[in-house]
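The following note was prepared for a colleague who has the sequence and the coordinates to hand. Its points are numbered and may be read separately.

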Amino acid sequence: MIDFEEELKKFRPSPEVADTEDEVHARDDIDMVALLQELAQGKAKEKDEA
Amino acid sequence: MKCFRCGAVLTGEDYCPSCGTDVYAYKRILRLANFYYNQGLEKARVRDLSGAVVSLEQCLRYNKKQIPARNLLGLVYFEMGQTVDALIEWVISSGLYSKKNLANDYIEEVHSNPARLESLNASLKKYNLSLIYAKHGDLDLAVIQLKKVISMNPNLVMAYQLLGLVYLKNEDWIRAKKILEKSLSVDRNNTRTLTYIREAEIHIRAKYDKDGNRKRLKPREEAISYQSGNETIIQPLHATERGNKFSPLFLAAGLILGIAIMWFLILPSKIQSARAEITSQMKGVSEELTSKSAGIDDLNKQIETLERTNQEAKQALADYTGQGGVLEDYNNLLQAAESYLNDPDDALSAADYLEKIKTTSGNQISEEFLSLYKFLQSNVSAKAAEIYLKSGIDKYNDGAYEGAIEDLTRAYDLDQDSDQALYYLAQSYLKTDDKDKASELFQKLIDTFPNSTFKSRAQRYLDQGEEDNSAAETQQETPETPAAPEQSPDPAAAPADPAATPAPEQSADPAAVPADPAAPAAPVEQPATPEQPVDPAAAAAAEAEAAAAAAAAQAAETPAQ
């Protein structure tokens with residue numbers, strides 16, 4: 001049995017054309033590659049400090 | 001593949017040949033990203049758009065710079081009606097890699113049709129509004145808005161889903177299923193859509209079970225379903241082609257039966273209803289015609305009445321203003337009055353005008369008119385009568401009988417008490433050989449004036465045809481002029497005039513003289529009317545008349561002496 005209220009929560013408002021720019025910046029997430037790069041940079045720093 | 005630290009081209013080793021960085025994890029991340037991209041591409045190809053979205057988003061979580069995956073994600077969003085989501089992905093893609101990027105073409109394509117973009121954007125706004133309605137419990141408003149959204153943006157899957165959900169909430173299972181199934185043509189394997197459809201089907205089945213329609217659902221229950229790629233195949237278990245050699249026969253029989261039902265049941269009722277409608281229309285038209293005819297009759301009657309009134313008005317106007325009308329009578333009366341005032345002795349002019357007056361009674365005549373008319377009549381007519389009488393007698397004596405008839409007729413008309421005028425008028429007719437007229441007038445004289453001095457002579461003519469050839473005399477003449485025997489120019493005429501010297505031997509009626517003692521009174525009976533003293537001129541005229549009457553009376557008395 002579907003719970004209407006719960007199902008309704010799954011629906012998100014659609015972005016509108018005016019919101020395009022904000023949405024572009026908001027979706028500029030960090031991906032796994034970037035994460036890996038940060039990790040690699042952190043390790044390199046630690047090595048240099050040692 | 002390049003090293004994420006130094007950018008050197010990587011080899012098959014897990015270390016960068018240039019900087020020696022461990023690239024094992026990096027290579028695995030990129031492989032996973034590629035895997036998800038390929039998966040997304042496969043799903044998109046079979047129109048499993050929601051599945052493709054999931055795969056492509058997963059790909060981008062591993063490598064956000066996977067340009068083909070981002071472009072494809074935008075394309076899938078666009079196909080699902082989420083235009084702005086698509087634009088966002090393409091803009092990001094273009095920002096990451098601007099050269100020779102398909103995203104630029106997509107963006108340009110979308111912006112090339114601003115009206116279409118505006119329409120799609122409006123549909124998204126309405127979708128957001130309907131979502132708000134649904135969250136606030138205004139489900140009817142949400143349904144209305146979502147229907148508009150679907151008409152504007154038929155690919156917006158989430159609108160179908162939300163509408164289906166609202167229908168489910170309203171327990172409108174069939175509509176929910178129907179609308180949700182429509183969205184499957186866009187996104188064939190959307191989990192949410194399928195979940196809702198299943199929910200709807202459960203309720204529909206339960207309803208049929210409750211209503212005892214199990215038979216109708218049996219084939220569905222006995223069907224087997226299986227997944228073929230992204231498609232769900234449902235196949236009835238006992239689906240067999242019913243082949244029968246009598247099928248055409250049954251078909252023909254059914255056709256004939258249908259025609260018969262149509263002919264005997266449906267057609268007569270249709271004809272009857274059509275006839276009833278025509279009859280009703282004809283009745284309406286007939287009633288309208290009748291009412292209009294009645295209206296026309298009324299109008300015709302009104303026209304007749306108005307025409308009659310118009311004629312009466314015209315006639316009344318003519319009576320007043322036309323020839324012989326009252327207005328003319330008034331004019332004649334005024335002219336008679338003017339003539340009398342200018343010269344009271346000129347009675348003939350005034351009498352002429354009075355004679356022309358035709359209407360002397362009735363509503364059209366005022367009291368003032370009548371009073372003035374009577375006054376003038378009394379003052380003028382007697383005098384004019386005398387003048388005409390004298391003139392007539394003169395003409396009679398001169399042998400101008402036609403003129404005498406004319407004047408004497410006028411004299412008698414003006415003074416109906418003048419037996420002398422009547423007698424000489426009859427004599428004049430006799431002289432013109434109009435014996436009938438003469439006899440008529442003699443008889444009238446005898447009847448009207450039984451005491452007249454002319455009665456015996458009139459009677460003699462009527463009885464014996466004896467004509468009076470004596471010269472005539474006026475009774476109103478002054479004492480010098482009467483035809484006394486010694487004053488008469490014609491000695492033979494004197495004895496012939498009964499008013500002057502009636503000879504006893506000439507009279508056939510011995511009693512004629514004694515019988516007419518009052519004869520001379522006739523002229524005497526023409527005194528002035530009571531109105532005469534009011535007008536000095538009239539009074540003068542009356543005095544003259546009185547004098548004339550006295551003279552006539554004296555002249556009449558002379559033979560008796």
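How many helices and how many strands are there in chain A? Chain A has 3 helices and 0 strands. The points below concern a predicted model.

1. Chain A. Along the sequence, the elements of chain A are arranged as α-α-α. Of its 50 residues, 6% count as buried. The mean pLDDT of chain A is 85, and 98% of the residues score at least 70. Among its elements, helix α1 (residues 4-9) of chain A has the highest mean pLDDT, at 91, while helix α3 (residues 32-49) of chain A has the lowest, at 82.

2. Chain B as a whole. The secondary structure of chain B consists of 23 helices and 2 strands. Among the 561 residues of chain B, 36% count as buried. Of the contacts in chain B with a separation of 6 or more, 49% join residues 24 or more positions apart.

3. The interface. Contact between the chains involves 34 residues of chain B and 22 residues of chain A. On the side of chain B that touches chain A, at least two residues each are supplied by α1 (24-45), α2 (49-62), α4 (83-96), α6 (114-135), α8 (157-169) and α10 (191-210) of chain B. The greatest contribution to this side comes from α6(B), with 9 residues. By residue class, the side of chain B that touches chain A comprises 21 nonpolar, 5 polar and 8 charged residues.

4. Helix α4 of chain B. This helix has 14 residues, and the distance from its first C-alpha to its last is 20 Å, close to the 20 Å expected at 1.5 Å a residue. The helix α4(B) is mostly covered, with 12 of its 14 residues buried. The buried residues are Thr83(B), Val84(B), Asp85(B), Ala86(B), Leu87(B), Ile88(B), Glu89(B), Trp90(B), Val91(B), Ile92(B), Ser93(B) and Ser94(B). Their cover includes α2 (20-26) of chain A, together with α3 (67-79), α5 (102-111) and α6 of chain B.

5. Ser119(B). This residue lies in helix α6 of chain B. Is Ser119(B) buried or partly exposed? Ser119(B) is partly exposed, because 14 other C-beta atoms lie within 10 Å, whereas a buried residue requires 20 or more.

6. The axes of α8(B) and helix α9 (residues 173-183) of chain B come within 8 Å and cross at roughly 170 degrees. The two helices, α8(B) and α9(B), are therefore roughly antiparallel. On the α8(B) side, the contact is made by Val157(B), Tyr160(B), Gln161(B), Leu163(B), Gly164(B), Tyr167(B) and Leu168(B). On the α9(B) side, it is made by Arg175(B), Ala176(B), Ile179(B), Leu180(B), Lys182(B) and Ser183(B). The residues of the contact of α8(B) with α9(B) divide into 8 nonpolar, 3 polar and 2 charged.

7. Asp413(B). Helix α16 (residues 401-414) of chain B contains Asp413(B). Asp413(B) is partly exposed, with 16 other C-beta atoms within 10 Å. Its C-alpha atom is separated by 8.0 Å from that of Ala385(B), 28 residues away along the chain.

8. Helix α17 of chain B. Helix α17 (residues 419-431) of chain B has 13 residues and reaches 18 Å from its first C-alpha to its last, close to the 18 Å expected at 1.5 Å a residue. Of these 13 residues, 12 are buried, and α17(B) is mostly covered. The buried residues of α17(B) include Leu422(B), Tyr423(B), Tyr424(B), Leu425(B) and Tyr429(B).

9. Most residues other than glycine have a negative phi. Asp433(B) is found in the loop between α17 and α18 (435-448) of chain B, and it counts as exposed because it has 10 C-beta neighbours inside 10 Å. Arg47(B), also not a glycine, has a positive phi of about 65 degrees. Arg47(B) is found in the loop between α1 and α2 of chain B and is partly exposed, with 19 other C-beta atoms within 10 Å.

How values were computed. Residues numbered from 1 in each chain as written. Chains lettered and ligands numbered in written order. Predicted model: local features only at pLDDT ≥ 70, side-chain atom pairs only at ≥ 80, totals over all residues. Helix = DSSP H or I, 4+ residues; strand = E, 2+ residues; numbered from the N terminus. Expected span 1.5 Å × (residues − 1). pLDDT = per-residue confidence, 0-100. Contact = placed C-beta atoms within 7 Å. Nonpolar A, V, L, I, M, F, W, Y, C, P; charged D, E, K, R; others polar. Axes fitted to C-alpha atoms, helices over the stretch in contact; angles between N-to-C directions. Parallel < 35°, antiparallel > 145°, perpendicular 65-115°, else oblique.
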